[in-house]
Amino acid sequence: MKDVLGAALLDYYHGNYSEDIITETNISEADALPLPYLFRSYTEMPLIEQAALKAAKGTILDIGCGAGSHALYLQQQDHRVSAIDVSEGAVKVSRLRGVQNAECTPLLQFQGATFDTLLLLMNGTGIFGTLSQVSQYLQHLKSLMAPGGQILIDSSDLQYMYDTGEEGGIWVPGTHYYGELEFTMSYKGETSEWFDWLYLDEGLFEEACISNGLHFEIVTRGDHYDYLARLTAAE
């Protein structure tokens with residue numbers, strides 16, 4: 001897959017900022033993702049992200065680290081942090097910014113260590129791809145949890161993206177779960193391949209956690225159907 005994200009992050013880091021990433025989904029029009037936002041400080045982060053960083057404890061694995069903003073903040077709080085991303089450019093930028101332990105590897109291929117906190121932010125459930133893969137990812141995340149560990153992960157209920165019927169229900173696709181989206185990113189004439197990205201409503205996510213031996217609880221909710229969840233091993 002073309003590393004569109006990595007190319008944009010490297011440009012911004014090296015002072016070559018001239019345009020933003022353009023994202024598009026199968027249910028929405030093209031939209032700009034401002035590059036400065038991906039380099040935000042703690043005070044510039046949404047409240048859900050701030051809550052997750054405050055709740056992080058012990059050794060931490062930042063999954064999908066991007067430009068490393070979350071990992072950097074946690075390092076500054078004296079946490080031991082590892083970070084992973086599938087974007088080689090993102091990992092380079094994270095290292096250049098000072099993330100001490102960043103690795104380019106897919107989550108399902110990462111193994112050999114356990115952590116007190118697994119952190120998945122900016123719609124962390126997106127990495128699951130599709131509903132059919134949720135159990136596989138949850139089982140792998142469980143294998144990376146130290147005893148007494150936690151998974152801090154955010155997502156959104158996309159019901160607001162769909163039309164509402166006369167009786168208050170929403171019109172959703174009949175062929176797949178309405179939170180299953182296809183994404184693409186474009187930057188400076190380069191466009192990524194389409195990739196799957198999953199948004200999970202609270203009820204469905206809790207059911208998936210229970211069936212995979214995990215306890216699900218809401219830490220906090222945002223103003224736009226978004227929420228932060230904590231997953232722990234079921235007793």
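The legends below describe close-up views of a predicted model. Local features need pLDDT of at least 70 and side-chain atom pairs count only at pLDDT 80 or more, while totals for chains, interfaces and linings use all residues. Residues are numbered from 1 along each chain as its sequence is written, and side-chain values use heavy atoms, with hydrogens and water left out.

Figure 1. Ser156 counts as buried because its relative accessibility is 13% (buried, under 20% relative accessible area; exposed, over 50%; partly exposed, in between; 1.4 Å probe, protein chains only). Apart from neighbours within four places in sequence, Ser156 is in contact (heavy atoms within 4.5 Å) with Asn123, Tyr199, Leu200, Asp201, Tyr225, Asp226 and Tyr227.

**Figure 2. A nonpolar surface patch that includes Tyr160.** Ile27, Tyr160, Met161 and Tyr225 make a patch of about 340 Å². Patches consist of residues with over 30% relative accessible area and no salt bridge, with like charges joined within 9 Å and nonpolar side chains (Val, Leu, Ile, Met, Phe, Trp, Tyr) within 5 Å. Accessible areas come from the Shrake-Rupley method with a 1.4 Å probe; for residues, only the protein chains shown count as cover. Tyr160 is located in the loop between β7 and β8 (180-187) and, at 34% relative accessibility, is partly exposed. Tyr225, another member of the patch, is also among the contacts of Ser156.

**Figure 3. The salt bridge between Lys2 and Glu190.** The structure holds 6 salt bridges, each a side-chain nitrogen of Lys or Arg within 4 Å of a carboxyl oxygen of Asp or Glu. In the pair Lys2 and Glu190, the closest N and O atoms are 3.4 Å apart. Lys2 lies in the segment before α1 (4-13) and Glu190 in strand β9 (residues 190-191), so this pair ties together parts 188 residues apart in sequence. Lys2 is partly exposed at 43% relative accessibility, and Glu190 is partly exposed at 40%.

Figure 4. Arg221 pairs with Glu202, their closest N and O atoms being 2.9 Å apart. Arg221 is exposed at 54% relative accessible area, whereas Glu202 is partly exposed at 24% relative accessibility. Arg230 forms a salt bridge with Glu217, with the closest N and O atoms 3.5 Å apart.

How values were computed:
Helix = DSSP H or I, 4+ residues; strand = E, 2+ residues; numbered from the N terminus.
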